[in-house]
Amino acid sequence: RELDGLTKELGLTKDQLAKVTPIVTDAQKKQTEALAKMREAGGTMDRDKMREERTKMQAETDKQIKAVITPEQGVKLDAFRKKQAEERAKRMQGQGQ
């Protein structure tokens, strides 16, 4: 889903998609592992810590992606991430009610 969104929003070429795919796949794997470690630690999940970790991982992933896309696509990536964050915030507000 992430790759589809990036391809559509950024207009990735086949060459760019080939370079971005392993970056995104690796990032998703790391995020899943980090989440699993937090769960294994027991207790309640610290949402703030999870959010902080995800933000840090996302920044690193985006840095790697920006190394293989054009500056114009980099601007689109920033806008795409902002849109994702807004949608995530709306979902979280909906869950709190």
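1. In this predicted model, D15 counts as partly exposed because its relative accessibility is 49%, and its salt-bridge partner K19 is likewise partly exposed, with a relative accessible area of 42%. The closest N and O atoms of this pair are 3.4 Å apart, and both residues lie in helix 2, 4 residues apart, or about one turn of the helix.

2. The total by the rule applied is 7 salt bridges, among them one between E2 and R81, whose closest N and O atoms are 2.5 Å apart. This pair links distant parts of the chain, since E2 is in helix 1 and R81 in helix 4, 79 residues apart. E2 is buried at a relative accessible area of 18%, which falls under the 20% cut-off, and R81 is buried at 10%.

3. R81 also meets D62 in a salt bridge, at 2.8 Å from N to O, and this pair joins helix 3, where D62 lies, to helix 4 across 19 residues. Both D62 and R81 are buried, and E2, D62 and R81 are linked in a network of salt bridges.

4. The largest nonpolar core has 10 residues, including L6, L12, V20, I69 and F80. Helix 1, helix 2 and helix 4 each give two or more residues to this core, with helix 2 giving the most, namely 3. Leaving aside residues up to four places away in sequence, L12 touches L6, T7, L17, V20, I69 and Q73.

5. K63, in helix 3 (residues 47-66), counts as exposed because its relative accessibility is 59%. Its C-alpha atom is separated by 9.4 Å from that of G74, 11 residues apart along the chain.

Key
Residues are numbered from 1 along each chain as its sequence is written. This is a predicted model: local features need pLDDT of at least 70, side-chain atom pairs count only at pLDDT 80 or more; totals for chains, interfaces and linings use all residues. Side-chain values use heavy atoms; hydrogens and water are left out. Buried means under 20% relative accessible area, exposed over 50%, partly exposed in between (1.4 Å probe, protein chains only). A nonpolar core is a set of buried Ala, Val, Leu, Ile, Met, Phe, Trp, Tyr and Cys residues joined through side-chain atoms within 4.5 Å. Contact means heavy atoms within 4.5 Å. A salt bridge is a side-chain nitrogen of Lys or Arg within 4 Å of a carboxyl oxygen of Asp or Glu.
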